[in-house]
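Visitor: I'd like to learn how to read helix packing in a model like this. Could you walk me through it?

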Amino acid sequence: MAAGLPCSGTPLTDHKWTAVCPATAVSVCQAGAMTMNTTVEWEQRCAALWEAFEDCDAAEFRSRIEALAAELPEGHAVAAFELASAYDATDLGERAVAHYRKALDGGLDGDRRRQAVIQLASTLRTLGDPQAGADLLLAEREQTSDHLDDAVTAFLALAFVDLGREREAAALALGALARHLPCYNVSLARYAAAVADPAPNG
């Protein structure tokens, strides 16, 4: 299973997260123009569906998300993202990819945009294209920095493993871990860099 469920920071098993959608209170349309906003009530129902993920079978869950997404205007990027996540979380990765791309191309913003990049990259890796996943994540690391940095790094490390770049993968993982240790942060960061670029023998 790919990393299909939107991130709330609460880990489950098998690459899954409990999905708590952020609540934003703006109408989905303003003066007839498409926006990426949703209502608080819609977000609450979205969160409730993801929280009940373990209690639904795959087909039922997809059906519920599809019905919720259909309430938003056609082409809405948030709807595409939620559909992609639902397909991904229920082992329909190939179907998810198109919706992730649609969401990103449609102007997805906020936390969902970065989640979509991470999830798309992970799904591409599990579908057998780790290079495409790595390329997305490398570009993402250059684009911005926020509370999802370690998630970007972790999935990039997985892609590097699949590409036979195990030393770089280990260095990425250790470098990310170094920031969270109660001590030895500087030492571990230096050792991690050395793992990625070892000194020549002799």
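Predicted model: local features only at pLDDT ≥ 70, side-chain atom pairs only at ≥ 80, totals over all residues.

Visitor: Okay, at roughly what angle do the axes of α1 and α2 cross?

Guide: They cross at roughly 175°, and the two axes come within 11 Å. Angles over 145 degrees count as roughly antiparallel. That's why α1 and α2 are described as roughly antiparallel to each other.

Visitor: Which residues make the contact?

Guide: From α1 you have W42, R45, C46, L49 and W50, and from α2 there are F61, R64, I65 and L68.

Visitor: How do I read a helix's length?

Guide: Compare its end-to-end reach with what you'd expect at 1.5 Å a residue. Helix α1 covers residues 40–51, and its first and last C-alpha atoms are 16 Å apart, close to the expected 16 Å. For α5, the 17 residues should span 24 Å, and the end C-alpha atoms are 25 Å apart, which agrees.

Visitor: Which residues of α1 are buried?

Guide: Buried means under 20% relative accessible area. In α1 that gives W42, E43, C46, A47, L49 and W50. Looking down the axis of α1, these buried residues fall within an arc of 160°, so they line one face of the helix. On the other side, Q44 and E51 are exposed. The cover over the buried residues of α1 includes α2, α3 and α5.

Visitor: And how enclosed is α5?

Guide: Largely enclosed by the rest of the structure, because 14 of its 17 residues are buried.

Visitor: How many residues are in the largest nonpolar core?

Guide: A core is a set of buried nonpolar residues joined through side-chain atoms within 4.5 Å. The largest one has 29 residues, and those with the most contacts inside it are W42, W50, F61, I65, F81, Y100 and L108. Each of α1, α2, α3, α4 and α5 supplies at least two residues, with the largest share, 10 residues, coming from α3. Apart from this core lies another, of 15 residues, including V152, L156 and F160.

Visitor: What about A189: where does it sit?

Guide: A189 is in helix α9, residues 185–196. Its relative accessibility is 37%, so A189 counts as partly exposed. The C-alpha atoms of A189 and A176 are 8.3 Å apart, although the two residues are 13 residues apart along the chain.

Methods
Residues numbered from 1 in each chain as written. Heavy atoms only, no water. Helix = DSSP H or I, 4+ residues; strand = E, 2+ residues; numbered from the N terminus. Expected span 1.5 Å × (residues − 1). Buried < 20%, exposed > 50% of the residue type's maximum accessible area, 1.4 Å probe, protein only. Arc of directions from axis to C-beta. Contact = heavy atoms within 4.5 Å. Axes fitted to C-alpha atoms, helices over the stretch in contact; angles between N-to-C directions. Parallel < 35°, antiparallel > 145°, perpendicular 65-115°, else oblique.
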